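Dear colleague,

Please find the structure below, handed over for your records.

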Amino acid sequence: MKLNREAISNLEQNRCVATSLKNYASDMTALTYHAGIVLAAMNGYGIYDRICDDDCGLAAPVKEYFVQFCEEMGRTILARCRGMEFQMGCGRLEALRNEIIRDALKAEEDSELLEQYALLLETLNPVYAAFLVTGHAGKAEKDIRPCMELLQLIGEASAEENKRNIEEEAIPYLISMEGLQERYYQPLYRYQLAFQDIIDGFSDEIRKKDLTGSYDVLDKTRKLLSSSPFAPL
């Protein structure tokens, strides 16, 4: 079955070509993985920069959560684990995310602390999205290798007791990543706009093609990559 313009108006509006349900799901999971890794690297560098800034820094609980997140990231996604390791990693990241949201709710009257929790989730959420779709995303492209290496550098440096200026080491990765945000996130955003129309209009076909699980994962990753870091999943 094809997703034609008459059935889904957003496909024409967002310049998404007509495609099968299975191809749509496959394309979106691959885009989610790549966009997630790119966004996590960019946001991770921002939060690490905050850690090393003597003028502002991170509150102790936020930094502790960031170190836990980096340890999980290094244990799973940077080690190129597969299958069960990623399923376990998803569970641990979900638990960590829930803890952060719980503590953020307690700190809602402290705008500075709340902002730091939001910054932390803006780093964690894309990695969690990548964990969720790794089993379906296929082989990682070479151009996101700098993102993976930058995330690894940030994780290692954040776990050290003494502050370490990683700017000189990070610059080559950041230069290599220039333009990747737009490359992956813009087409992903166009696909995400069509998502609800597909769910509403093709629920029977999704079930018949045994794609319900894939679309449930896409729905969760769509929320994780949204502009609302605290969005319920």
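**Overall composition**

Of the 233 residues in the protein, 46% are buried (under 20% relative accessible area, with exposed meaning over 50% and partly exposed in between, for a 1.4 Å probe and protein chains only). Please note that this is a predicted model, in which local features need pLDDT of at least 70 and side-chain atom pairs count only at pLDDT 80 or more, while totals for chains, interfaces and linings use all residues. Residues are numbered from 1 along each chain as its sequence is written, and side-chain values use heavy atoms, with hydrogens and water left out.

The secondary structure comprises ten helices and zero strands; these are DSSP runs numbered from the N terminus, with helices being H or I of at least four residues and strands E of at least two. Among contacts (heavy atoms within 4.5 Å) with a separation of 6 or more, 78% join residues 24 or more positions apart.

**Helix packing**

Helix 6 (residues 145-158) packs with helix 7 (residues 167-176) at an angle of about 150°, and their axes are 9 Å apart. Helix 6 is therefore roughly antiparallel to helix 7. Here axes are lines fitted to C-alpha atoms, for helices over the stretch in contact, and angles run from 0 to 180 degrees between N-to-C directions; under 35 degrees counts as roughly parallel, over 145 as roughly antiparallel, 65 to 115 as roughly perpendicular and the rest as oblique. On the helix 6 side the contact is made by P146, E149, L150 and L153, and on the helix 7 side by E169, A170, Y173, L174 and S176.

Helix 6 also meets helix 2 (residues 21-51), the axes coming within 9 Å and crossing at roughly 35°. The residues of helix 2 that take part include Y33, I37 and Y48, which meet residues of helix 6 including C147, L151 and I154.

**Helix 8**

Helix 8 (residues 180-201) has 22 residues and reaches 32 Å from its first C-alpha to its last, close to the 32 Å expected (1.5 Å times one less than the number of residues). A kink of about 30° is centred on A194, the bend being the angle between axes fitted to the seven residues ending there and the seven starting there. A194 is also one of the buried residues of helix 8, as are L180, Y184 and F195.

Y185 lies in helix 8 and is partly exposed, with a relative accessible area of 27%. Its C-alpha atom is separated by 7.7 Å from that of L31, 154 residues apart along the chain. Leaving aside neighbours within four places in sequence, Y185 is in contact with A35, L39 and L225.

Yours sincerely
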